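Please consider the model below with attention to its charged side chains. The discussion that follows leads through their pairings, one contact at a time.

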Amino acid sequence: MKKRLLSMILSGILAVGMFGCGVKEQRQSSKSADGEIKVTFPTYMAGENVGATFFIPQIERFNKKYDGKYEIVIEEVPQASYSEKIKQLAQQNKLPVIVHSPGSGGIDLQWFKNVVIANDMAYDLTSFAESHPETTARWNEESIKYSTINGKLVAKPLAVIRPVGLYYNSSMYESDKNIKDQTMDEFIGGLGTNLIAFQTADNAWTTGLLLSAIIANQDGGSELLNKSVDEKLYDYTDPIIVKSVGILQKLMQSNGASNTVGAAYADAANAFMSKQASIICNGSWMASEFGEDSSDKWGNGFNGADVKATIYPGNIALVNTNTFGEFWISNSATDKEKELAEAFLEFRDSKEEIEALILAEGGVCTGIEYSNSFLDKQKETPVLFELAESIDDTTKYSASILDVMPASLADVEFGKLLPKLIDNTLTAEQFCVELTKKAEEAK
């Protein structure tokens, strides 16, 4: 209760500091001498981040299309530091023009609501949506509803939904039954000596995905996750979670890749692409790593052509559409900067860019009719085609446990506790108690 009160006081101080005194520090003009509008976009989807593979070339295409009118300059920010940077800039009233939405880059939902929404720091995109009906038609309906607060569209909703599944190396893992058609018990029982590329550093992404699939396969598991997305989950002692953590613990001990303890995402990916693991849980965006142009990342006889994709046992796909889309625009931006930002959102969700995104990272957009050239090219990337084909009318969608954790728990504490689970320092029950304590501290 005290922490909630302190949070409210701090939010109030922030609001007074920015608005109460009538002093508003303005961003320096980004209009060049020749009239071109230029903005700097801090993003974690740059450098070695897997999201950079598509995003950086997309920014380059945008700049080329609007050469002489608009230019976006990328500022690379490590994913682990992105949330803190944005929060500091918000406190200084120096927010970037374009910002990643909560749920990405460590931006937590509570902060977004308590600071950004409460202080009217997000530009209302309602007029943009009304004046761009073709763009709006491509947005996911659930994401539109979720991104609308008190009649204001505070973030660009999702256009592409990307259910997350897993990849396996067919030269190492063999099964007479498709993974999605197996029960979780059948899948685990059929692993044999096959190893899984787990992750314990950073946000323990690959590990969190498999734990989510295990939870979703329990009676009431997917319902527990899906209903906890908005308000977040602060109690992890539910028998469903405890049982699932126990299953994960045994899996990590018996079938974890040798580099599991301390493994960041790059380490987990390397384990899979050097045949030190047969299976990795990851999103469709990893598909680009299996093409010949990424062969310099392969080792130990790995061949991207051997990789197959599917969703999880129990016909489970992990996806969360109750989300504030992808980006929001700072309300403190100038009119010209907002003009550029809106042009980028329109460009991002053009039919051509949506098809390019799906070809690069997979996913589905129900708001467009795919071109014939797209359908032909999609088959040229077998893993993306396989992932799309593995989803049917009976597929059950579930949020990930990382979606329902407070940001600090998902990004840091969850991964830090996993090694104690592996070496039996903590039982499954004790692990869940510790998660609950850390979640309570995050309130």
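A salt bridge is taken here as a side-chain nitrogen of Lys or Arg within 4 Å of a carboxyl oxygen of Asp or Glu. The model under discussion is predicted. Side chains of opposite charge can pair when their charged atoms come close.

The surroundings of the two partners may be described by their relative accessible areas. R162, at 22%, counts as partly exposed. E361 is buried, with a value of 7%, because the buried class covers relative accessible areas under 20%.

Salt bridges can also share partners. K156, E326, R348 and D349 are joined in this way into one network.

A further contact brings K113 together with D230, whose side chains form a salt bridge at 2.9 Å, N to O. K113 is part of helix α4 (residues 109–117) and D230 sits in the loop between α10 (221–226) and α11 (239–255); the pair therefore ties together parts that are 117 residues apart in sequence. K113 is partly exposed, its relative accessible area being 27%. D230 is likewise partly exposed, at 31%.

For E71 the relative accessibility is 24%, and the residue is classed as partly exposed. K38 is partly exposed as well, with a relative accessible area of 35%.

How many salt bridges does the rule give in total? The count comes to 18.

E389 is located in helix α16 (residues 382–390). Is E389 buried or exposed? E389 is exposed, with a relative accessible area of 54%, since the exposed class begins over 50%. E389 and I311 are 78 residues apart in sequence, and their C-alpha atoms are 9.8 Å apart in space.

Conventions
Residues numbered from 1 in each chain as written. Predicted model: local features only at pLDDT ≥ 70, side-chain atom pairs only at ≥ 80, totals over all residues. Heavy atoms only, no water. Buried < 20%, exposed > 50% of the residue type's maximum accessible area, 1.4 Å probe, protein only. Helix = DSSP H or I, 4+ residues; strand = E, 2+ residues; numbered from the N terminus.
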